[in-house]
Amino acid sequence: MSLLIEAKGVSHFFGAKQALKDVNIELTAGKPIALVGPNGAGKTTLFSLICGYLQPSRGELRVLGHKPGSAALFGQLAALPQDALLSPDFSVGEQLNLFARLQGFSRAEARSECERVLELVSLSETLNNRPNELSHGMKKRICIAQALIGSPKLVMLDEATAGLDPVNARAIRELVSMHSDHTTFVLSSHDLSELERLCDRVLYLRQGQLATHELNQGGAQLRYLTLQLLEQDAQVVERLKTLERVIEVSNSQSNEFVIGYEHQADSEAMDIQVLRLCHQQGWQYRALVNGHTLENQLFATGA
Ligand SMILES: Nc1ncnc2c1ncn2[C@@H]1O[C@H](COP(=O)(O)OP(=O)(O)OP(=O)(O)O)[C@@H](O)[C@H]1O
């Protein structure tokens, strides 16, 4: 089976500015992939190369075994750029219909494909609406519906939930998660907690260089919990270290502690021990996350 995305020594220059440096990737189809990095790290450039909007200055890039932008990928790869817009002059149904027809659907098939993708984003009732009659969140969901036409194997979503209220953002996360069995999503976002909930693979770019990162959700040796407290307490690290099987505790940032422990199937679950300790000590917790938070993995550990 061919790889979903394969990059060998890919670099990209904008004039003298090198936006990507010798990027190597081998990704198979599967769970959603996060594309993260600080501003200017090269995420949009990589996104654009994978979609075929730009050509690499150096190196080789393949998507599902094909050169990005090639006709063979038509209908197999869909992308939602951050600033994607719907045309104000046509109804939702007319626009989705056009994209389905462009993919080769017959008139009747296109109609039912539009209905299918609108139902996926729970917006069937908007078929005859013009985009200016819809909210920002609804328009974003329509754009995602458009990306799902023809059930592509790879969907690239750039900041899909940016600017959305929690309900709409959640609807999009659920949509991604529901479709992850047959479609691989690449999600670019600055919201690390969102990516953490959805993805188990991370493409982390820093100054154009890439470090592929598997999320450490329970490795073979140490497992991790991240405890966030409402208030800092000087005793927390020492007290957590007294728990049985805890090997290391670090104060990753203000009010946040990463607990490394040995997993034993027949022992009391570590999260229960930690919560009991919180209760005994009168610590109020904000969150207890299984594993490192993505932010910790990428930044605190210097990945
Ligand atoms: N068209 C362009 N011309 C010149 N330089 C560019 C162009 N597009 C991007 N760059 C530069 O390439 C680098 C990578 O930019 P890119 O937009 O890929 O970063 P990004 O990770 O998407 O950033 P952000 O999170 O801010 O969207 C930056 O230094 C940027 O200034």
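I started with glutamate 6 and looked across to S2, where glutamate 26 stands opposite. Strand S1 covers residues 5–14, and S1 pairs with S2 in the antiparallel sense over seven bridges. For my own bookkeeping: helices (H or I, at least four residues) and strands (E, at least two) are DSSP runs, numbered from the N terminus. Two strands pair if DSSP finds at least two bridges between them.

Before going on I noted what I'm looking at. Residues are numbered from 1 along each chain as its sequence is written. This is a predicted model, where local features need pLDDT of at least 70 and side-chain atom pairs count only at pLDDT 80 or more, while totals for chains, interfaces and linings use all residues.

Then I checked the confidence. The chain has a mean pLDDT (the predictor's confidence in each residue, from 0 to 100) of 88, and 94% of its residues reach 70 or more. For the complex, the predictor gives an ipTM of 0.97 and a pTM of 0.77.

**Sheet with S1**

I traced the rest of this sheet. It is open, with three strands in the order S2-S1-S4 and antiparallel pairing. S2 and strand S4 (58–63) stand at the edges with a single partner strand each, so one side of each is left without a neighbour in the sheet. Axes for that are lines fitted to C-alpha atoms (for helices over the stretch in contact), and angles run from 0 to 180 degrees between N-to-C directions.

**Ligand shell**

Which residues are around the ligand? I listed Phe14, Lys17, Ala19, Gly37, Asn39, Gly40, Ala41, Gly42, Lys43, Thr44 and Thr45. A residue counts as near if its C-beta atom, placed from the backbone, lies within 6 Å of the molecule or strand. Strand S2 (17–27) and helix H1 (43–51) are the elements that give two or more residues to this shell. H1 gives the most, with three residues.

By class I got three nonpolar, six polar and two charged residues around the ligand. The classes are Ala, Val, Leu, Ile, Met, Phe, Trp, Tyr, Cys and Pro as nonpolar, Asp, Glu, Lys and Arg as charged, and the others, Gly among them, as polar.

Seven residues from domain 1 and five residues from domain 2 make the contact; residues are in contact if their C-beta atoms, placed from the backbone, lie within 7 Å.

On the domain 1 side, helix H6 (192–198) and strand S8 (201–206) each supply at least two residues. H6 has the largest share of that side, three residues. I sorted the domain 1 side by class and found five nonpolar, one polar and one charged residues.

I followed a second open sheet, four strands in the order S11-S12-S10-S13, with antiparallel pairing. S11 and strand S13 (285–290) are the edge strands, each pairing on one side only. Neighbouring strands of this sheet are turned by 20 degrees against each other on average, direction ignored.

Next I went through the pairs. S10 (residues 222–229) joins S12 (residues 256–262) through seven bridges, and leucine 222 stands opposite glutamate 262 in S12. S11 (residues 246–253) joins S12 through five bridges, with valine 246 opposite tyrosine 261. S11 and S12 form a hairpin with two residues between them, and asparagine 255 in the turn has a positive phi of about 65 degrees. Last, S10 and S13 pair over five bridges, and leucine 229 stands opposite tyrosine 285 in S13.

Key: Contact = placed C-beta atoms within 7 Å.
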